[in-house]
There are 2 protein chains.
Amino acid sequence: MARIVMKFGGTSMAGIERIRAVAARVKREADAGNEVAVVVSAMAGETDRLVGFCREASALYDPREYDVVVSAGEQITSGLLAIALQAIGVNARSWMGWQLPIHTDTAYAKARIGTIDTVALDRSLAAGEVAVIPGFQGLSGDGRVTTLGRGGSDTSAVAVAAAMKADRCDIYTDVDGVYTTDPRIVPRARKLAKVTYEEMLELASVGAKVLQTRSVGLAMKEKVRVQVLSSFTGEDAPMADTLPGTMIVGEEEIDDVERQLITGIAHDKNEAKITLTGVSDRPGSVAAIFEPLATANINVDMIIQNIAHGSGSTDVTFTVPAADLARSIETLNQARDAIGFGELIHDTRVAKVSVVGVGMRSHAGVASAMFTTLGQRGINIQAISTSEIKVSVLIHEDETELAVRVLHTAYGLDASEAA
Amino acid sequence: MARIVMKFGGTSMAGIERIRAVAARVKREADAGNEVAVVVSAMAGETDRLVGFCREASALYDPREYDVVVSAGEQITSGLLAIALQAIGVNARSWMGWQLPIHTDTAYAKARIGTIDTVALDRSLAAGEVAVIPGFQGLSGDGRVTTLGRGGSDTSAVAVAAAMKADRCDIYTDVDGVYTTDPRIVPRARKLAKVTYEEMLELASVGAKVLQTRSVGLAMKEKVRVQVLSSFTGEDAPMADTLPGTMIVGEEEIDDVERQLITGIAHDKNEAKITLTGVSDRPGSVAAIFEPLATANINVDMIIQNIAHGSGSTDVTFTVPAADLARSIETLNQARDAIGFGELIHDTRVAKVSVVGVGMRSHAGVASAMFTTLGQRGINIQAISTSEIKVSVLIHEDETELAVRVLHTAYGLDASEAA
């Protein structure tokens, strides 16, 4: 017997037929003697519908009321899944965020989970009930409904798993695991049996959109073993405890034999590049650029300060999320006098390609192999950033697929023909 | 300054444009210095959508989970109305049923309101906030969400008005008041300025579908002054405290000058007639018919036991809601041996027409005038039932409109040409 959390996303909950399929999947785990809590998203499209209502009602909607409105989506699916489970003989009941409760802070619309009270939950599980819990929602200290921000149901699942000391948190999604890279680009991409929290964080944040980044961070902090697996397999799918998906675990769970130099290659086309020319080469000028962007809550990623022209001025290039480009330009123009720059040049036709792997901690040469491989194919590198387990380069958008493919081969990640 | 409850139905909440119109109406009352609580229904069609999901998930759905699902509709509109109010400068916040809380019993899906805790509500109103409260929902003693059954938002509004000792409960609906009869049938029907609780109960239960019957009963019990008025008038509509709708009040509020013999004429085509022939004319045979129907929760209305044929057997005729006809036939056939009857004849082509008025308490001749009027037009009466303030007859469905029209004229209810 194990304690497990199963999490199903909006596509899995889109309509009663799919909810019935989820119920059958949950029943298999319950029938196998496991204590099961299920965390559900709203039906696909429902959250967008509700958010649309709020925006239509007021561009400057009160996030406290927004949370009342949008939390309804998960409330609906959790009740429906409980009904569908009961219909196939599974003892089940729903628990709203305010009922357990799932305590959060008061940052409405983007709340963070604090503690989860498990007294009622433990009693329910001990009584043989499957607990169905709406994702994405909680209860603030003011006694009001909160939501966690988009994609928050993954975080809810991990938080519930941590609170109930679950053996595993299975995230059912529309992919069947985490791959060495996007299989649509590289057909020979391989599914990873295991990946570390840190690698997953890097892969998630650079565009491998399998799990919400915050949920991976929480899993790492709370040491929750998370499995990503497919919700689109039939009754004959392997049981989740045979680990058919990708396990996200601590580094200590990956032994030396399994360890690869590079775990995966991610790409992200949602970046925009900004270059400020003629920035005066004096102390404080760079701070004058990035301070107003930080105040505007714009996340700057890669930064390059070009070598000064000898003229006492320099060019500064950096990337921001493409969605924040317009706001970035506005912010920088407002700060123009304080910064003192010539031109503002921007370019959204860029992509960030990253190689990720905990193995690079103990191996030199990963970055230079990357630059060499790209250089041999004539791919120009516009910016570079690195972390302990990642090297990212900014290239022209049109060369993304080529770059991913050649790097996948160069780092020996291609599946053998036989596989 | 007055304390008022404003209640808006699903048609008024159907879409953000209409919610904005509701907000404008609420703002007028708040700006006039009133303390205002607003009770809202779900968007028109939304409750049906959610009920449909539950039924699709399981024909035998758990009413506790059904309540979780369907209560989401009012949750959504209450958040949206709070946002729309804030957008036009009105200090407003939503209060879910579990937040106030609105205590109910544990009869999930058809719960009854017990007490409403007004501590938080009073504080909110005193702080100048408009309280937006989802109708139809409450909190059971088990800490779970309940709903009150279809149409329950009217009852929520009256219960909130009673709890907060409101001066008035204004029910905004798609008609502008209570009429002497259906204006689609009788163009010269008049809007009533006042009607007593008891009359309204009779009018509501016999087919004048303006207010949920239970809400009128509660208003009578709690002495809540209820006004029915139209939500479909523009900014230039009269303020509600000028009483442009119909006030539902205690009999003591209607003085002799205003009092009419007959207040209104209602009709109801949702009845079905059942006749059992050859029922043995012995003690207990009638009980044998109605006991199983009561057990099956079928509401029998008019009952006639014909004069025995001298053969020791009799015919028993009665009416049930047309929606319960199939279940009634099944129930009676199962009890056939216990009852002992010849044939079961049923007819849905019937209508009940009722004349209602507290004035008939002190006036004889109301019923005979009704029978005479109908007889003169050749309308055959199939059954009769009476209460202290009502006379109902069952007639052929095709004669409904004619009967209503001639009775409206006969009792002097037609508006003068000038009106």
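This section describes the symmetry, the chain interface, the salt bridges and selected local backbone features of a predicted model.

Two copies of a chain are related by a rotation about an axis and a shift along it. In this model, chain A is laid on chain B by a turn of 180° with a shift of 0.0 Å along the axis, and the RMSD of the superposition is 0.1 Å. This is the relation of a two-fold axis. Within chain A, the C-alpha nearest the axis belongs to A:Ala72, at 2.6 Å. Of the interface residues of chain A, 100% are also interface residues in chain B, so the copies meet through the same surface.

The contact involves 38 residues from chain A and 38 residues from chain B. About 3100 Å² is buried between chain A and chain B, and carbon and sulfur atoms give 62% of that area. Across the interface, 16 residue pairs are in polar contact, with both residues at pLDDT 80 or more. On the side of chain A that touches chain B, at least two residues each come from helix H1 (16-31), helix H2 (46-57), helix H3 (63-70), helix H4 (72-87) and strand E3 of chain A. H4 of chain A gives the most to this side, with ten residues. By class, the side of chain A that touches chain B comprises 22 nonpolar, eight polar and eight charged residues.

The count of salt bridges between chain A and chain B is two. One of the salt bridges in the model joins the side chains of A:Glu46 and B:Arg49, with an N to O distance of 3.2 Å. A:Glu46, A:Arg49, B:Glu46 and B:Arg49 are linked in a network of salt bridges.

Over all chains, the count comes to 48 salt bridges. Among them is the pair A:Arg3 and A:Asp122, whose closest N and O atoms are 3.1 Å apart. This pair links distant parts of the chain, since A:Arg3 is in strand E1 (residues 3-8) and A:Asp122 is in helix H5 (residues 119-126) of chain A, 119 residues apart. A:Arg3 is buried, with a relative accessible area of 17%, whereas A:Asp122 is partly exposed at 29% relative accessibility.

Strand E1 of chain A also holds A:Lys7. A:Lys7 forms a salt bridge with A:Asp154, and the closest N and O atoms are 2.8 Å apart. A:Asp154 is in helix H6 (residues 152-163) of chain A, 147 residues from A:Lys7. A:Asp154 counts as buried at 8% relative accessibility, and A:Lys7 counts as buried at 7%.

A further salt bridge joins the side chains of A:Glu251 and A:Arg361 at 2.8 Å, N to O. A:Glu251 lies in the loop between strand E12 (246-249) and strand E13 (264-268) of chain A, and A:Arg361 lies in the loop between strand E18 (350-356) and helix H12 (366-376), so the pair ties together parts that are 110 residues apart in sequence. A:Glu251 is partly exposed at 24% relative accessibility, and A:Arg361 is partly exposed at 33%.

In chain B, B:Asn34 is located in the loop between helix H1 (16-31) and strand E2 (35-40). B:Asn34 is buried, with a relative accessible area of 15%. Leaving aside neighbours within four places in sequence, B:Asn34 is in contact with B:Met1, B:Ala2, B:Ile4 and B:Glu29. The side chain of B:Asn34 reaches the backbone nitrogen of B:Ala2 at 3.0 Å. A polar atom of the B:Asn34 side chain also lies 3.0 Å from the backbone oxygen of B:Glu29. The C-alpha atoms of B:Asn34 and B:Val5 are 9.9 Å apart in space, and these residues are 29 apart in sequence.

A cis peptide bond is found between A:Leu100 and A:Pro101, with omega about -10°. A:Pro101 lies in the loop between strand E3 (92-94) and strand E4 (102-104) of chain A. In chain B, a cis peptide bond joins B:Leu100 and B:Pro101, with omega about -15°. B:Pro101 lies in the loop between strand E3 (92-94) and strand E4 (102-104) of chain B.

Positive phi values in residues other than glycine include that of B:Phe136, near 80°. B:Phe136 lies in the loop between strand E6 (130-134) and strand E7 (137-139) of chain B, and is buried at 3% relative accessibility. B:Lys223, not a glycine, has a positive phi of about 55°. B:Lys223 lies in the loop between helix H8 (213-222) and strand E11 (226-230) of chain B, and is exposed, with a relative accessible area of 63%.

Key. Residues numbered from 1 in each chain as written. Chains lettered and ligands numbered in written order. Predicted model: local features only at pLDDT ≥ 70, side-chain atom pairs only at ≥ 80, totals over all residues. Heavy atoms only, no water. Helix = DSSP H or I, 4+ residues; strand = E, 2+ residues; numbered from the N terminus. Buried < 20%, exposed > 50% of the residue type's maximum accessible area, 1.4 Å probe, protein only. Contact = heavy atoms within 4.5 Å. Buried area = accessible area lost by both parts, 1.4 Å probe. Salt bridge = Lys/Arg side-chain N within 4 Å of Asp/Glu carboxyl O. Polar contact = N/O pair within 3.5 Å; in protein donor to acceptor, adjacent residues only side chain to side chain. Nonpolar A, V, L, I, M, F, W, Y, C, P; charged D, E, K, R; others polar. Least-squares fit on C-alpha atoms with pLDDT ≥ 70 in both.
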